[in-house]
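These are my notebook entries on one structure. I went through the ligand site, the core and some backbone details in turn.

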Amino acid sequence: MSDNDIKTFGKVATSEDKGEISDNGAFVRQQNRFTTPFGNEPGQLPVEAGRYRLIWTPLCPWATRQIIAFKLLGIGEDVISVGKVAPQRTDSGWEFSLDKDGVDPVLGIRFLPEIYAKTDPEYEGRATVPTVVDVKEMKIVNNDYHHLTKFWETVWKPFHKEGAPDLYPEDLRSEIDSLNEVIFNEINNGVYKAGFAKTQEQYELNYHLVFNRLDKLEEHLSKNRFLFGDRLTDSDIRLYVTLARFDTAYYFGFRLNKKRIRDYENLWNYSRELYSIPAFKEATDFDAIKRGYLLGATENPDNILPLGPDNSLWEEPNNRAEKFGPLKI
Ligand SMILES: N[C@@H](CCC(=O)N[C@@H](CS)C(=O)NCC(=O)O)C(=O)O
């Protein structure tokens, strides 16, 4: 396949094509291309209702974070509109096949790589979600999943609903940032480093990294309702998106099969308490997660969709209120 094929939406490139596998077989995630921050300073992206569209799919943990934050904060579609690609990535990239005629009604495109190419014809990386498009300019302005939730939580405050939770409180910011770094390296991206490893050694290294951290979080959550005590924060959103995918996708698809989240008392009750909050539940689609991760995977050449696990268990009562008192969100 030539570079030209990639740019003209032939088969999209994989992590391996894109040099995300290092010489020792480790998965090294690409850098984000569009990182201009939102804000009110010169050179920043203006905070303006009705100007941006966020593209996501419920398969993707990085994109789902954004939807959970929008829902918790009450940032509605009149402020930032939302478009959804189908959870199974096609050979031509993320496709707007859920929309009428297979075209995103605002962007007027069929495949996400089209807007990447329009914004930057030289772009060589993977066309990923989440992607924020400035609909006035019809260009991508940000795909920086590391920082997006923090923008919604801070500079977009004028558009929060009344009584919205403060997910990034000033007094906790540096602690949240440090914990987010750990959650990224050892949990959110840790699962990918195990799942995409090309050597036994890299797989094992990252398998232990993930389960050692889960053990520590299990202990922490035995004494704390959320990661920062009684306060629901940005870090909880980040942890949740991986926990919600674990038993369905990573345990099986990424060979992270030491334990399931439902085998940990506190992580499992914590996960189900978060799932009981509409913002988390409405952004969680187990069928999309299963299809997105397990169909089309090289390890599953016949595309058999597993029947389990039983995700109706997510609806069962959790013990957090008994342990920590009534939930106030
Ligand atoms: N922007 C980040 C994270 C976002 C990301 O990886 N999203 C996945 C879905 S969860 C994606 O869009 N992948 C498209 C692809 O691999 O071609 C990255 O490039 O690593």
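**Entry 1**

I looked up Gly93 and found it buried, with a relative accessible area of 4%. Here buried means under 20% relative accessible area, exposed over 50%, and partly exposed in between, with a 1.4 Å probe and protein chains only. I note that the model is predicted, that local features need pLDDT of at least 70, that side-chain atom pairs count only at pLDDT 80 or more, and that totals for chains, interfaces and linings use all residues. Residues are numbered from 1 along each chain as its sequence is written, and side-chain values use heavy atoms, with hydrogens and water left out.

I placed Gly93 in the loop between strand 2 and helix 3. Helices (H or I, at least four residues) and strands (E, at least two) are DSSP runs, numbered from the N terminus. I also took the C-alpha distance from Gly93 to Arg126, which is 8.6 Å for two residues 33 apart along the chain.

**Entry 2: the ligand**

Which residues come nearest to the ligand? I listed Gln30, Cys60, Arg89, Trp94 and Arg126, out of 15 residues around the ligand. A residue is near a molecule if one of its heavy atoms lies within 4 Å of it. I sorted the shell by residue type and got 8 nonpolar, 4 polar and 3 charged. In this scheme Ala, Val, Leu, Ile, Met, Phe, Trp, Tyr, Cys and Pro count as nonpolar, Asp, Glu, Lys and Arg as charged, and the others, Gly among them, as polar.

I then went through polar contacts, meaning pairs of N or O atoms within 3.5 Å. The side chain of Trp94 has an N or O atom 2.8 Å from an oxygen atom of the ligand. Arg126 places a polar side-chain atom 2.8 Å from an oxygen atom of the ligand. The ligand taken alone exposes 500 Å², and the protein buries 93% of that. Accessible areas come from the Shrake-Rupley method with a 1.4 Å probe.

**Entry 3: the core**

I looked up the largest nonpolar core and found 93 residues in it. Such a core is a set of buried Ala, Val, Leu, Ile, Met, Phe, Trp, Tyr and Cys residues joined through side-chain atoms within 4.5 Å. Phe38, Trp152, Trp156, Leu214 and Leu256 touch the most other members. Helix 8 (residues 234–253) gives the most to this core, with 9 residues. Why does this core lie between domain 1 and domain 2? Domain 1 (3–159) and domain 2 (170–324) both give residues to the core, so it lies between them. The domain bounds come from an automatic or database domain assignment.

**Entry 4: backbone details**

I checked for cis peptide bonds and noted the one from Val129 to Pro130, with omega near 0 degrees. Pro130 sits in the loop between helix 3 (113–119) and strand 3 (131–134). I also noted the cis bond from Gly308 to Pro309, with omega near -5 degrees. Pro309 is in the loop between helix 11 (286–294) and helix 12 (320–324).

I then looked at positive phi outside glycine. Asp101 has phi near 60 degrees, lies in the loop between strand 2 (80–84) and helix 3, and is exposed at 59% relative accessible area. Asn303 has a positive phi of about 55 degrees, lies in the loop between helix 11 and helix 12, and is partly exposed at 42%.

Conventions: Polar contact = N/O pair within 3.5 Å; in protein donor to acceptor, adjacent residues only side chain to side chain.
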